[in-house]
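This report covers the overall build of one protein and then one of its helices.

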Amino acid sequence: MGKAVKQTELQHGDQTPGGFALFLRALRAPFLVASAIPVLIGATLPFWLRPNGFSFDCILFLKTLVAMIALHAGANMANDYFDARSGADRDSATRSPFNGGSGLIQAGLLPERFFLRGSLIALGLGAAIGIHLSLVTPGWLVFGLGLVGVLAAYGYTAPPLRLGYCGLGELAIALSFGVLPVVGAYFVQTGTMSWHVVVASLPITFAIVLVLWVNEIPDVDSDSRANKRTLVVMLGARAAARGGVLTLAILIFVSLFAAVFTGCLIPLTLVAILAFGLVRTVVADCWNNYDDPKSLLEAQRTVIRLHAVLGVVIAASALIAITS
């Protein structure tokens with residue numbers, strides 16, 4: 001049985017992964033883009049909103065980016081550790097590159113303590129950079145945002161918060177990978193705050209929640225057995241995959257139009273509606289295949305592309321405002 005499980009866990013990666021490959025898989029490195037995108041949006045929004053005294057600081061941008069990626073990596077490793085301890089990812093028959101964790105603990109390729117120590121180191125690095133940024137920017141906003149980010153990242157699966165186990169995980173992700181990093185990156189660059197930034201962050205916020213939502217659908221059974229009460233588990237796979245996915249998809253575009261029509265995003269950002277084909281694929285696949293995890297793989301791939309395309313369009317459009 002153990003050998004069969006190990007073979008299953010290896011099917012999504014190298015058959016004989018080396019140390020560095022294991023390290024990247026433990027970090028879930030390809031998904032760290034999800035933390036870079038909101039920082040990119042927040043750092044480029046000033047080119048459109050043009051607050052008084054704005055001057056782009058590349059070094060501050062890079063520090064913000066590293067801090068956010070470190071927090072994300074720490075959250076990923078903490079998630080693997082605590083989900084393994086709770087049994088949420090144990091012997092998951094529906095594990096894929098997009099859900100069910102890295103599978104490295106279950107395959108016996110890395111010990112649990114590696115993930116615990118790694119998460120603490122990564123979160124500590126992110127927190128240290130965040131404290132530095134709070135000292136070189138006015139007020140305590142950056143410190144407050146960073147503190148909430150660290151708590152949400154570690155507390156997503158870690159006790160005593162265990163946000164992902166009590167229906168608050170989606171909210172934690174919305175804040176940690178949407179509103180907060182956009183607002184934080186903007187404030188680091190400008191030293192100012194505006195409601196326009198919050199509104200501008202909403203499309204990417206709903207997009208990252210949709211990514212999480214779609215990836216939670218195949219895990220409904222394993223999460224239920226581990227008493228991990230995500231909103232998807234509470235709603236049930238059918239309702240979450242149909243009503244939930246459709247609602248989030250609508251909210252992405254409604255918030256995008258709202259941000260443009262209130263002047264929070266440049267009108268050029270509406271070119272993102274060309275990504276409607278990606279949204280249609282996600283909605284249709286989830287609607288028709290909510291009970292077949294293998295058939296959801298295309299929706300899982302597509303929703304990640306949707307998030308990336310939307311983020312790049314918003315950031316690039318803001319940069320184009322330099323010429324206007």
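Which residue caps the N-terminal end of helix 5? Asp57 does, with a side-chain oxygen 3.1 Å from the backbone nitrogen of Ile59. The model is predicted, so local features need pLDDT of at least 70 and side-chain atom pairs pLDDT 80 or more, while totals for chains, interfaces and linings use all residues. Residues are numbered from 1 along each chain as its sequence is written, and side-chain values use heavy atoms, without hydrogens and water.

The protein has 14 helices and zero strands (DSSP runs numbered from the N terminus: H or I of at least four residues for helices, E of at least two for strands). Its radius of gyration is close to the value from the globule rule, so the protein is as compact as a globular protein of its length, 324 residues. That radius is taken over C-alpha atoms, and the rule is 2.2 Å times the number of residues to the power 0.38.

| Quantity | Value |
|---|---|
| Radius of gyration | 19 Å |
| C-alpha box along the principal axes | roughly 65 × 40 × 35 Å |

Of the 324 residues, 53% are buried (under 20% relative accessible area, 1.4 Å probe, protein chains only). Helix 5 covers residues 58-86 and reaches 42 Å from its first C-alpha to its last.

Asp83 lies in helix 5 and is buried, with a relative accessible area of 2%. The side chains of Asp83 and Tyr165 are joined by a polar contact of 2.5 Å (N or O atoms within 3.5 Å; within protein, one able to donate a hydrogen and the other to accept it, and residues adjacent in sequence counting only if both atoms are side-chain atoms). Just after helix 5, Gly87 has a positive phi of about 90°.

How values were computed: Expected span 1.5 Å × (residues − 1). Buried < 20%, exposed > 50% of the residue type's maximum accessible area, 1.4 Å probe, protein only.
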